[in-house]
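Subject: Structure for you to look at

Hello,

Here is the structure I said I would pass on. Please open it first, then read the notes below it.

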Amino acid sequence: MDPSEVEFLAEKEMVKIIPNFSLDKIYLIGGDLGPFNPGLPVDVPVWLALNLKQRQKCRIVPPAWMDVEKLEEMRELERKEDTFSPVPSPYYMELTKVLLNHASDNIPKADEIRTLVKDIWDTRIAKLRLSADSFISQLEAHAKLDNLTLMEINTIRAFLLDSLNCMYKLRSNLQPGSSKKQFTDY
Amino acid sequence: MFITDIRKDFYEVVANQRVALLVASDIDALCACKILQVLFHCDQVQYTLVPVTGWQDLSTAFLEHKEQFRYFVLINCGANVDLLEMLQPDDDSVFFICDTHRPVDVVNVYNDSQIKLLIKQDDDLGVPSYDDIFRDEDEGEGSDSGNESEEGSEPSGKRRRFDEGAVERRIERRRAKRDWEARRREILFDYEQYEYHGTSASIMFFELAWVLTKDTKDMLWWAVIGLTDQWVHDKITHMKYVTDIATMQRHVSRHNHRNEDEENSLSIDCMRISFEYDLRLTLYQHWSLYESICNSCYTSCNFKLWTLNGQKKLQEFLADMGLPLKQVRQKFHSMDMSIKENLRDVIEESSNKYGMKDIRIQTFGVHFGFKNRFLASDMVHATTALLESTEKDESASDNFIKALDSLSRSNLDRLHSGIDLAKKKLMAIQQTVASCICTNLIVSQGPFLYCYLMEGTPDVKLFSKPMALTLLCKYLLKAFVQSTRNKRCKLLPLVMAAPKDVEKGSVIVVGIPPESETSDKKNFFGRAFEKAAESTSSRTLHDNFDTSIITLKTEDRSKFLDALITLLS
């Protein structure tokens, strides 16, 4: 999967906006949206929020978890635990990037939030690498992957699968008669 | 006719239509175009952008697009000529003209159906009143024929009396008509004699955005750049510049108050515009201070840096301020912080001693991100250099698009390449000015000064473009006024000619008004060039939107000049 595909999936998340125009309820395939009234908050998917923001038709309200104190707590929690801690939103990384790139004037303390989210991401990726490393070196059969987000899984997926494939080939070569010569690609 | 409610009469009319944007090639037009483009993007209005460099371009573009478009928006072109006569449009074409060129042609002002002017009416236009110029011909005829029919129905006895009365009245009418026509010619001559510039087009469009409450900091910055372009290229008076700066300052404070808050400070990447009372040294923050002082018109002319004495004075000036030469020759960013902190005040103090009272000028600066700080005049110079770049294989519309792109915040490398080109252009201008003054290339022809750049002059290709040549012309005149002892020559205007196209054998001729403190920047050379060309039947092309810039065949140069001298003396 391409990171841009993951970002595309992330844009389905809902976010609150405050429009400055009025429009009746719109009926889309994915669901109903609206009605839009100037000054009243309404929940819309991120893709629509970004489009409206670029056309200067709304103001984006940062999600509840995008707050300096909450993110600091999460970062501390992440650093303390060995396993992955619960994540603020299943698409926290993509939403941060997209909202801070396009709507940083609506989000207070945008620079600090960016740094905090990056810190959380770095810690989690480090844990992921460590666990993948131990998984391969100790030849474990299964691993626990709760609280991982799609973006993090995506960063390691290609490498992990290829390396497991290689390991399998190497191992099956070491034991010549025992396994049937079948090479399945994952 | 003049539009009063720009939102109702212009924007809401075009918002549902496809529009053709015909944009002239100057920075103010580019900025206005950018603002309008963003507004159109917000409301998803379909438009076609056509850059035009002159009247011929405009006519061609109109002919190409008149089938598909009903609404045309002309930016910085079209107001000073009878547009309907030139383009011969169909009756349903509507032209919205936002142009800084004055005087606005009277036909454009009084046409109610097809020409809509996006120009503020309090802009000291001085348009003659309708009755002074236009008269219904039918009135005269109607009363005449009415008399004749009366004559027929009356018995013949009274005919002679009526005849005499009718003849007298006819003679009266004819005399009144001749008087009226003579007065009309005089009024029109006075009105159209001088060419000057009005409020910047980008400020007009920014105010449209403001009325629509869609104004952003980007648009405000472009409006500031448009205004600064008018000042850098000497199109408006100092008073007008200061007044417009005050208007812009109100908008800037409004935007700054909207977003800044003690606890929720804005991200460093957001654009911040600030009012600066900054130095008049061109591009000094992107160059070294020394280079900037040597290549800015104001300092170079005041120190007379083409003379040895001038160089010595410059060294004294730097020593007076306590700036070591090594620091001053470095790139500005790498200068010591201790020097940079009070630089402006230190320079102002010292320059007062050397007779430069206005070394500081009111302007605006922008900064976004940690590295990017620009002054409005930096942007103007960079974009002009890109717009008129003389690289091979680049058409005028390519340059237009590159210059337009460099105005966006995301195209910083283009902007930096523009700054480099601008530095080269400024150095070329200074060297040309120095050589012209030292070799006495400026000759007084009586009513004006004249200078011709030979083909072999270094960088003469740069000066085949109108804006670069005009800038050179202005700097040259300022330098000449400083260096000559002849009091009469100081009050003369300057006409400058430079080779435009060596293969076709054409030269570009520019005329600028005389240099003075209280100059109102009104240029009479437009009409003068036209008359001189007519009287000598020289092969000229009055293609530029500024009528004081024409193209002429090299062979006709001398007779054109003689005609101009006789005309103006």
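Across the interface of chain B and chain A there is one salt bridge. This is a predicted model, so please read every value below as computed from predicted atoms. Helix α2 of chain B, residues 27-43, gives the most to the side of chain B that touches chain A, with four residues. By class, that side of chain B has six nonpolar, six polar and five charged residues. Two residue pairs are in polar contact between chain B and chain A, both at pLDDT 80 or more.

How many residues of each chain are in contact at this interface? For chain B the number is 17, and for chain A it is 11. The size of an interface is often given as the accessible area lost when the parts come together. Chain B and chain A bury about 1,000 Å² between them, and 43% of that area is on carbon and sulfur atoms. C42(B), K214(B) and S267(B) supply 36% of the area that chain B buries against chain A, more than any other three residues.

Next, salt bridges elsewhere in the model. Side chains of opposite charge can pair when their charged atoms come close. Over all chains, the structure holds 29 salt bridges.

R124(A) and E152(A) form a salt bridge, with their closest N and O atoms 2.8 Å apart. R124(A) lies in helix α5 (residues 110-137) and E152(A) in helix α6 (residues 150-174), so the pair ties together parts of chain A that are 28 residues apart in sequence. Are these two residues buried or exposed? Both R124(A) and E152(A) are buried. The two also belong to a network of salt bridges that links E78(A), R124(A), K127(A) and E152(A).

In chain B, a salt bridge forms between the side chains of R344(B) and D278(B), at 3.3 Å from N to O. Why does this pair tie together separate parts of the chain? R344(B) lies in helix α17 (residues 343-353) while D278(B) lies in strand β8 (residues 272-279), so the parts that are joined are 66 residues apart in sequence. D278(B) is buried, with a relative accessible area of 0%, whereas R344(B) is partly exposed at 26%.

Another salt bridge in chain B is between R539(B) and E555(B), whose closest N and O atoms are 3.1 Å apart. R539(B) lies in the loop between α22 (525-536) and β15 (540-541), and E555(B) in the loop between β16 (549-553) and α23 (557-568), so the pair ties together parts that are 16 residues apart in sequence. E555(B) counts as exposed because its relative accessibility is 53%, and the cut-off for exposed is over 50%. R539(B) is partly exposed, with a relative accessible area of 45%.

Last, the annotations on chain A. An unreviewed UniProt entry lists residues 2-61 of chain A as "domain: DNA replication complex GINS protein PSF2 N-terminal". Over those residues the chain is 28% helix and 33% strand, and the end C-alpha atoms are 28 Å apart. The UniProt annotation "domain: GINS subunit", also from an unreviewed entry, covers residues 65-167 of chain A. That span is 68% helix and 0% strand, with its end C-alpha atoms 41 Å apart.

Regards

Definitions and conventions:
Residues are numbered from 1 along each chain as its sequence is written. Chains are lettered from A and ligands numbered from 1 in the order in which they are written. This is a predicted model: local features need pLDDT of at least 70, side-chain atom pairs count only at pLDDT 80 or more; totals for chains, interfaces and linings use all residues. Side-chain values use heavy atoms; hydrogens and water are left out. A salt bridge is a side-chain nitrogen of Lys or Arg within 4 Å of a carboxyl oxygen of Asp or Glu. Helices (H or I, at least four residues) and strands (E, at least two) are DSSP runs, numbered from the N terminus. Buried means under 20% relative accessible area, exposed over 50%, partly exposed in between (1.4 Å probe, protein chains only). UniProt positions are given in the numbering used here, feature names are shortened, and annotations may be inferred rather than shown by experiment. Contact means heavy atoms within 4.5 Å. Buried area is the accessible area (1.4 Å probe) that two parts lose on being put together, summed over both. A polar contact is a pair of N or O atoms within 3.5 Å; within protein, one must be able to donate a hydrogen and the other to accept it, and residues adjacent in sequence count only if both atoms are side-chain atoms. Ala, Val, Leu, Ile, Met, Phe, Trp, Tyr, Cys and Pro count as nonpolar, Asp, Glu, Lys and Arg as charged, and the others, Gly among them, as polar.
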